[in-house]
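Look at the model below and keep it in view while reading. The paragraphs that follow go through it part by part.

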Amino acid sequence: MTLSQNWQVSPNDLFEMGPIVPVLVIKNVEDALPIAEALLAADIKVLEVTLRTPAAIDVIRKIAEALPEAVVGAGTVTNRELLQQSADAGAKFAISPGLTKDLLQAGKEGDIALIPGISSISELMDGIDAGYDHFKFFPAEASGGVKAIQSIGGPFPDIRFCPTGGININNINDYLALKNVACCGGSWLVSDEIVNNKDWGKITQLAREALAHVKLATSTRV
């Protein structure tokens, strides 16, 4: 079977929904909707909720139930059990920091898109052999950054990436200028300080500024 036959949202559609994917580490369920609504107000609808907190699954469920216009997914999905829990909570996609053969197989069997993470050519080849062609490149800056992804585009011109890890407003355009980079993940839009202060308007402001900042890069890919 092809990967997209049973997935609710295809990886290609997901990557085309916007150049910035906020990486959200949400500790309290009550913060879920204000954060999601603030990002939606800036026209950012793809939201990656990382499974790094005990509240994460409940956060995904809350957003999925209350805000159907949001495309909420799970990050830091490392095994088939977490993949299934994410799907059951209403996630529309899952992103992993790395890949295993079992996780790749679980992704093919599941009904939500899996974006496997890679940081080496060998991992990429394993993912391609399993039928995947959209990947997270992580940790981006520590794994060679823009030069590494650009080099990978030579032997693998049809593979598309969403780099994450060390990306911020100062370097995101360097990544988005690459033709094999469709979007970038980053956590700077929703910092702990902003959440602790309940400054939801600041999230919308930062998101709008970021989208305006990246507009040029996405029109001049190399």
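Contact means heavy atoms within 4.5 Å. This is a predicted model, in which local features need pLDDT of at least 70 and side-chain atom pairs count only at pLDDT 80 or more, while totals for chains, interfaces and linings use all residues. Residues are numbered from 1 along each chain as its sequence is written, and side-chain values use heavy atoms, with hydrogens and water left out.

Helices (H or I, at least four residues) and strands (E, at least two) are DSSP runs, numbered from the N terminus. Start with Val21, which belongs to strand E1 (residues 20-24). A residue is called buried under 20% relative accessible area, exposed over 50%, and partly exposed in between (1.4 Å probe, protein chains only). Val21 has 6% relative accessibility and therefore counts as buried. Apart from residues up to four places away in sequence, Val21 touches Val46, Glu48, Cys162, Cys183, Cys184, Gly185 and Gly186. Val21 and Ser187 are 166 residues apart in sequence, yet their C-alpha atoms are 8.7 Å apart in space.

Ile172 lies in helix H8 (residues 172-176) and is buried, because its relative accessible area is 0%. Between Ile172 and Cys184 there are 12 residues in sequence and 7.1 Å in space, C-alpha to C-alpha. When residues up to four places away in sequence are not counted, Ile172 touches Ile20, Ile167, Cys184, Trp188, His213 and Val214.

Now turn to strand E2 (residues 46-50), where Thr50 is found. Thr50 counts as buried because its relative accessibility is 1%. Its contacts, not counting residues up to four places away in sequence, are Val23, Leu24, Val25, Ala56, Gly75 and Thr76. Of these, Thr76 sits in the loop between strand E3 (71-75) and H4. Thr76 has a positive phi of about 60° although it is not a glycine. With a relative accessible area of 22%, Thr76 is partly exposed.

The next topic is how helices pack. Two packed helices are described by the angle between their axes and the distance between the axes. Axes are lines fitted to C-alpha atoms, for helices over the stretch in contact, and angles run from 0 to 180 degrees between N-to-C directions. Angles under 35 degrees count as roughly parallel, over 145 as roughly antiparallel, 65 to 115 as roughly perpendicular and the rest as oblique.

Helix H3 (residues 56-66) and helix H4 (residues 80-89) pack at about 30°, and their axes are 8 Å apart. H3 and H4 are therefore roughly parallel to each other. From H3, Ile57, Ile60, Arg61 and Ala64 meet Gln85, Ser86 and Ala89 of H4. The residues of this contact of H3 with H4 divide into four nonpolar, two polar and one charged. Here Ala, Val, Leu, Ile, Met, Phe, Trp, Tyr, Cys and Pro count as nonpolar, Asp, Glu, Lys and Arg as charged, and the others, Gly among them, as polar.

H3 also packs with helix H2 (residues 32-41): the two axes come within 9 Å and cross at roughly 55°. H2 and H3 are therefore oblique to each other. In this contact, Ala32, Leu33 and Ala36 of H2 meet Val59, Lys62, Ile63 and Ala66 of H3. The residues of the contact of H2 with H3 divide into six nonpolar, no polar and one charged.

What does Ile63 contact beyond its neighbours within four places in sequence? Ile63 is in contact with Ala32, Leu33, Ala36, Leu47, Val49, Pro68, Ala70 and Val72. A nonpolar core is a set of buried Ala, Val, Leu, Ile, Met, Phe, Trp, Tyr and Cys residues joined through side-chain atoms within 4.5 Å. The largest nonpolar core has 80 residues, of which Leu39, Ile63, Phe161 and Leu189 touch the most other members.

Two loops remain. In the loop between strand E7 (134-137) and helix H7 (145-152) is Pro139, which is joined to Phe138 by a cis peptide bond with omega about -10°. Ser143 lies in the loop between E7 and H7 as well. Leaving aside neighbours within four places in sequence, Ser143 is in contact with Ser119, Phe137, Phe138 and Ala148. Lys198 is in the loop between helix H9 (192-196) and helix H10 (200-218). Phi of Lys198 is near 55°, a positive value in a residue other than glycine, and at 42% relative accessibility Lys198 counts as partly exposed.
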